[in-house]
Amino acid sequence: MSTTPGRSAAAPAPVTVRVPAKVNVQLAVGGLRPDGFHDLANVFLAVDLYDEVTAFPAEPGEGPSVTCLGPDADRVPLDRTNLAVRAADALALRHGRSPDVRLRIRKEIPVAGGMAGGSADAAGALLACDRLWGTRTPREELLAICAELGSDVPFSLVGGAALGRGRGELLTPLDVGGSFHWVFAVAEGGLSTPAVYRECDRLREERGPGAGADAVPAPEASPVLLAALRCGDAKLLAANLSNDLQPAAVSLLPALDDTLAVGTRAGALAALVSGSGPTCAFLAEDAASATEVARVLRAEGVCRAARTATGPAPGATVLSPAQ
Ligand SMILES: C[C@](O)(CO)[C@H](O)COP(=O)(O)OP(=O)(O)OC[C@H]1O[C@@H](n2ccc(N)nc2=O)[C@H](O)[C@@H]1O
Ligand SMILES: Nc1ncnc2c1ncn2[C@@H]1O[C@H](COP(=O)(O)OP(=O)(O)OP(=O)(O)O)[C@@H](O)[C@H]1O
């Protein structure tokens with residue numbers, strides 16, 4: 001007999017889903033669109049740093065609730081604005097049912113770190129609730145709900161590597177010919193994604209007439225970068241990493257320049273800000289080099305934590321009950 005609160009003998013078993021963080025190996029940002037978003041060529045790579053979302057059954061009419069465990073748990077909102085709760089609400093609305101679920105997030109992905117942590121929890125909650133409620137939502141509909149929840153959420157569901165067009169939600173899967181070794185330097189605080197995009201526009205305006213947001217060329221994925229992924233060539237990938245949001249993130253948090261420099265001096269093939277930051281990502285030649293880069297980053301005190309990870313990693317995956 002289970003002792004989980006709120007479970008009767010007939011209640012379904014809790015469902016646990018594991019969801020990866022991401023790093024953007026290319027983030028080309030176009031001009032500001034009328035809807036407030038930017039067109040992107042966004043090359044996502046999922047890495048094996050995971051949040052776990054568990055959906056427990058709740059009483060009929062109870063509605064959704066969420067708890068969070070992990071080092072950053074106190075920075076995660078536990079009300080209806082939590083992206084996992086919003087995902088449960090959106091799925092319930094789609095099926096015309098009450099969003100009765102108790103969600104538990106085990107958080108390893110840095111909060112507001114540019115690694116799509118909230119998006120991961122949204123994708124995880126969506127899959128977990130769909131299983132718990134037996135709603136059997138087709139994959140295409142799950143992806144559409146993901147896109148409504150946030151630009152990064154569809155990729156959190158899919159994982160692997162993908163090119164995101166539009167605002168990042170229109171995904172084309174990419175072939176990857178090997179595993180890449182990364183180090184992530186987690187910063188003390190977070191950066192707000194909209195604030196970083198605003199700073200990117202401001203810096204472009206500052207560059208003068210003709211360089212403003214409306215003069216920005218359409219973003220395109222780099223063919224050489226895509227070839228580097230396809231071949232699993234870490235050195236070629238390192239030479240072609242790029243993030244148009246990096247100057248904006250560094251402008252808001254100038255100390256990131258030191259973090260990037262320390263990791264590079266420690267032997268990383270390349271360093272860049274992950275997405276909207278402030279997490280800094282270092283591509284290493286192999287596992288031993290990644291361990292050394294992480295050690296130096298910690299020793300120099302330029303980050304709150306340094307984590308090694310590899311990518312690509314699978315997207316949102318149901319861990320239990322077993323398939
Ligand atoms: C920086 C990235 O993480 C790179 O993958 C994403 O572009 C951000 O994706 P996200 O966190 O899922 O962002 P959303 O929740 O969709 O949007 C938050 C805010 O970020 C800005 N935003 C986001 C995506 C995009 N293509 N253009 C934007 O300008 C907008 O101000 C938007 O209101
Ligand atoms: N489940 C959640 N986990 C983390 N943050 C959440 C969650 N739900 C809502 N939030 C809010 O979203 C904000 C952004 O958090 P998140 O960790 O998703 O940022 P991020 O990783 O930089 O996002 P991205 O890389 O997709 O731009 C947080 O500051 C927090 O207020």
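Hi everyone, let me start with the contacts: among those in this protein with a separation of 6 or more, 76% are between residues 24 or more positions apart. Two residues are in contact here if their C-beta atoms, placed from the backbone, lie within 7 Å.

A quick word on the source. This is a predicted model, where local features need pLDDT of at least 70, side-chain atom pairs count only at pLDDT 80 or more, and totals for chains, interfaces and linings use all residues. Residues are numbered from 1 along each chain as its sequence is written, while chains are lettered from A and ligands numbered from 1 in the order in which they are written.

Now the overall picture. The protein has 10 helices and 12 strands, which are DSSP runs numbered from the N terminus, with helices being H or I of at least four residues and strands E of at least two. The radius of gyration is 20 Å, close to the 20 Å from the globule rule for 323 residues, so the protein is as compact as a globular protein of that length. That radius is taken over C-alpha atoms, and the rule is 2.2 Å times the number of residues to the power 0.38. Along the principal axes, the C-alpha atoms fill a box of roughly 60 × 45 × 35 Å. Of the 323 residues, 53% are buried; that label takes 20 or more other C-beta atoms within 10 Å of a residue's own, exposed takes 12 or fewer, partly exposed is in between, and C-beta atoms are placed from the backbone.

On to the domains. The assignment gives domain 1 (15-174) and domain 2 (180-311), with bounds that come from an automatic or database domain assignment. Their centres, over C-alpha atoms, are 22 Å apart. How many residues of each domain touch the other?

Let's look at one residue, Arg307, in strand β11 (residues 305-311). Is Arg307 buried or exposed? With 21 C-beta neighbours inside 10 Å, Arg307 counts as buried. Leaving out residues up to four places away in sequence, Arg307 touches Leu49, Phe184 and Val186.

Finally, some backbone details. Most residues other than glycine have a negative phi, and most peptide bonds are trans. Ala112, not a glycine, has a positive phi of about 50°, and Ala116 has one of about 65°. Ala112 is in the loop between β4 (101-106) and α2, and Ala116 is in the loop between β4 and α2 too. Ala112 is buried, with 20 other C-beta atoms within 10 Å, and Ala116 is buried with 31.

Which peptide bonds are cis? One joins Gly277 and Pro278, with omega about 5°, and Pro278 is in the loop between β9 (270-273) and β10 (280-284). Another runs from Gly311 to Pro312, with omega near 10°, and Pro312 is in the loop between β11 and β12 (317-320).
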